[in-house]
Amino acid sequence: MIRAAWKEITLTPRFELGTSKGAINARTVWYLIAWHADRPEVRGIGEAALFPGHSKEFPAEVKTKLLELCLDTSNWRERLNGDLVEVPSVRFAVEQCLKDLDASGSKMLYPSAFTLGQHGILINGLVWMGDKSTMQQRIREQIDKGFTTVKMKIGAIGIEDELALLKAVRSEFSTKDITLRVDANGAFDARSAPDVLKRLADLDVESIEQPVPPGLYEVMEELCASAPLPIALDEDLIGLNTRDAKSDLLDQVKPQRIVIKPSLVGGWAAAEEWIALANERKIGWWITSALESSIGLNAIAQWTATLATHGAQGLGTGNVYANNIPCPLVAARGELRYRPELEWDLSRIIS
């Protein structure tokens, strides 16, 4: 018999995380913890990390589902394809929790050369929004750390200043040295986006994520049809939880890329469905974390290491927290690596 409990933890960023939708100064995540009654010392852990402003779920809904799951553990696997489909972060927490329990609570969810420490995952360096001088400093820090793909969030301080920052990078580094990506988080509209896209293309920016707000499918369709650089759908994927809805989006908009965040689209199974649909249509994709703690990031990273990925993935968010869960994941020299000699410290979750 499986027993379960859940726990809420608030994570504190090392600095204010600026986005076009406002600053993030704290992040709440929830852990689902399960154990067999006859082996209470072995705990499986999964993380539910909805993203306010992006996820379709609400914290109260997440806590209600976690409470239900803890009261009745007999039907978790059936519920993965039932009511939990509409609560993606909780669905992913259940996937993680069951797999970790099967792995005797080792957090070794997908053993591979990655978990043996033999191979890393190529990741981009993320430049959070700030004032112009702060962002300039952050770009330099990412390049000095060894990142060859730098993703900069745009849409908050003014496009002229943002383009000037990108131009400064491109004047110093060619496309062979540094790949530039930008993430607009829907900051532009139908009138402003075409000019922004052209000017980004002139700077050899590799791609732009979500130039206009989600739900503007006809606008996005027109942008993708005439885009001078690849457009990646991001927030538009969130809330589309059926195969038909996913297919309809890709067939209508015809994006060049999609950005898949397992915590926000419903976990590994849902993410693999997005990958399969994208591959069928020759649409590029990459995997991105969504400010999870080490538990969620570990689940995403180990799974990503088993995929046929191309280019840098967006898995470099583990270092943003001052009070993250200590774990074997380390981001260095443009890669995320698993260092098996380092140990987990789960005392804040299991106490």
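Student: Which residues of helix H8 are buried?

Tutor: In this predicted model, the buried residues of helix H8, which spans residues 243-253, are Lys-246, Ser-247, Leu-249, Leu-250 and Val-253. Because these residues cover an arc of only 160° around the axis, they lie on the same side of H8.

Student: What do the buried residues of H8 pack against, and which residues are exposed on the other side of H8?

Tutor: The buried residues pack against helix H7 (217-226), strand E11 (231-233), strand E12 (257-260) and helix H10 (267-280), whereas Asp-244 and Asp-248 are exposed on the other side of H8. Just after the helix, Lys-254 takes a positive phi of about 55°.

Student: Why is Leu-291 called buried?

Tutor: The relative accessible area of Leu-291 is 2%, and buried means under 20%, so Leu-291 is buried.

Student: Why is Arg-333 called exposed?

Tutor: Here the relative accessible area is 74%, and the cut-off for exposed is over 50%, so Arg-333 counts as exposed. Arg-333 sits in the loop between strand E14 (329-332) and strand E15 (335-338), and in the hairpin of these strands, which has two residues between them, Arg-333 takes a positive phi near 55°.

Student: How do you know that E14 and E15 pair?

Tutor: Pairing requires at least two bridges between two strands, and E14 and E15 are joined in the antiparallel sense over four bridges, so by that definition they pair. Within this pairing, Ala-331 stands opposite Leu-336 in E15. Strand E6 (residues 121-122) also runs antiparallel to E15, to which two bridges join it, and Leu-122 stands opposite Glu-335.

Student: Why does Leu-71 count as exposed?

Tutor: Leu-71, in helix H1 (residues 59-71), has a relative accessibility of 71%, and exposed means over 50%, so Leu-71 counts as exposed. Together with Trp-6 and Leu-67, Leu-71 forms a nonpolar patch on the surface, with about 320 Å² of accessible area together.

How values were computed
Residues are numbered from 1 along each chain as its sequence is written. This is a predicted model: local features need pLDDT of at least 70, side-chain atom pairs count only at pLDDT 80 or more; totals for chains, interfaces and linings use all residues. Side-chain values use heavy atoms; hydrogens and water are left out. Buried means under 20% relative accessible area, exposed over 50%, partly exposed in between (1.4 Å probe, protein chains only). Patches are made of residues with over 30% relative accessible area and no salt bridge: like charges are joined within 9 Å, nonpolar side chains (Val, Leu, Ile, Met, Phe, Trp, Tyr) within 5 Å. Accessible areas come from the Shrake-Rupley method with a 1.4 Å probe; for residues, only the protein chains shown count as cover. A salt bridge is a side-chain nitrogen of Lys or Arg within 4 Å of a carboxyl oxygen of Asp or Glu. The arc is that of the directions from the helix axis to the C-beta atoms. Contact means heavy atoms within 4.5 Å.
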